[in-house]
Amino acid sequence: MAEKKVIAVLGATGAQGGGLMRAILADRGGEFAARAITRRPDSDKARALADAGAEVVAGDLDDVESLRKAFAGAQGLFAVTNYWELFDPARETQQAKNIARAAKDAGVKHVVWSTFEDPRDRVPLDDDRMPTLMGRHKVPHFESKAEANRTFEELGVPTTYLLTSFYWDNFIHFGLGPARGADGKLAITMPLGDAKMPGIAAADIGPCVLGIFKRGSEMIGKTIGIAGEHVSGAEMAAGISKIAGEEVRYNAVDPDVYRGFGFPGAEDMGNMFQFKRDFEDDYRRARSVEETRKLHPGLMNFGQWLAQYGKRIPIGS
């Protein structure tokens, strides 16, 4: 039997990387082996991956040399960074540049880089339709990744640029579930107007990435957007109503109102939702459900995700 090709996975204990780890490990007859890269190889999550059959190695996104060692001998690399851990766009961009440099030096043959488009291409910094944040950003957690795209290109790293969509799991883990208002009614709140927003089950991202690696060199240089369904705020509220056992309304606030909610990242997310609303056609066009299903035939739509995970959504009291 031929030796399996190693895919090194950053964020191996997180939503995207963890999903890829599970997908590779479940594909027992497949061509790839999984290497988890984590700052804490001795953590419970890392040990669980090792017990499941993964190789686990140490790597730190702020340390290029540690990444070179972690990537050595890997055929593929899944690269992801976590803005919400840092709230620091410049540091996230530098981490992505470190990944690109280390991948180049280690001779990785195929990198899938989880990134986003740059909203400033459509809303320049001097455009007052959307406030400028931190002096040089419109949607910091998009742009901190997009700025690193050029480094992968300039270094000649063989890269597929992956555009993900809104995780429906944000209703469970990110505080976006239905809250009860002063009138006692439940509502989900987003400044999307009537726009449909591409979304995806976090569990489906890993299998999509594995599908990209299986296609191999034909995917290098391409930008691939993934989504399980494009769903409006009203449609999401109607679906969650069935799970909640009572009506959940869609509260379509103005982006300025959302930006003023005051939680960490509220301005960033308010701008993000406005970007998705104002440039709905382009944003949706970049994330084809049909093309995503070719990568992962088991792809869930919103209703299927709700049936499997909806009971985990906290319902405001």
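Helix 4 (residues 83-86) gives the most to the lining of the largest pocket, with four residues. Helices here are DSSP runs of H or I with at least four residues, numbered from the N terminus. The model is predicted, so local features need pLDDT of at least 70 and side-chain atom pairs count only at pLDDT 80 or more, while totals for chains, interfaces and linings use all residues. Residues are numbered from 1 along each chain as its sequence is written, and side-chain values use heavy atoms, without hydrogens and water.

The volume of the largest pocket is about 1200 Å³. Its lining has 45 residues, of which Gly-14, Ala-15, Val-80, Thr-81 and Asn-82 are the closest to the centre. A pocket is an open set of points on a 1 Å grid over the protein atoms alone, where a 1.4 Å probe fits and protein lies on both sides within 12 Å along at least five of seven lines; lining residues have an atom within 4 Å of a point. The volume is the space filled by probe spheres set on the points. By class, the lining of the largest pocket holds 17 nonpolar, 18 polar and 10 charged residues (Ala, Val, Leu, Ile, Met, Phe, Trp, Tyr, Cys and Pro count as nonpolar, Asp, Glu, Lys and Arg as charged, and the others, Gly among them, as polar).

The second largest pocket has a volume of about 330 Å³. Of its 17 lining residues, Thr-13, Gly-14, Ala-15, Gly-18 and Arg-22 are the closest to its centre. Two or more lining residues come from each of helix 1 (15-26), helix 2 (44-51), helix 7 (170-173) and helix 8 (202-215). The lining of the second largest pocket divides into nine nonpolar, four polar and four charged residues.

Next come two helix pairs. Helix 3 (residues 64-71) packs on helix 5 (residues 89-106) at an angle of about 45 degrees, with the axes 8 Å apart. Helix 3 contributes Val-64, Leu-67, Arg-68 and Phe-71 to the contact, and helix 5 contributes residues including Asn-98, Ile-99 and Arg-101; contact means heavy atoms within 4.5 Å.

Helix 6 (residues 140-154) and helix 11 (residues 266-278) pack at about 75 degrees, with their axes 8 Å apart, which makes helix 6 roughly perpendicular to helix 11. Pro-140, His-141 and Phe-142 of helix 6 meet Asp-268, Met-272, Phe-275 and Lys-276 of helix 11.

Note on methods: Axes are lines fitted to C-alpha atoms, for helices over the stretch in contact, and angles run from 0 to 180 degrees between N-to-C directions. Angles under 35 degrees count as roughly parallel, over 145 as roughly antiparallel, 65 to 115 as roughly perpendicular and the rest as oblique.
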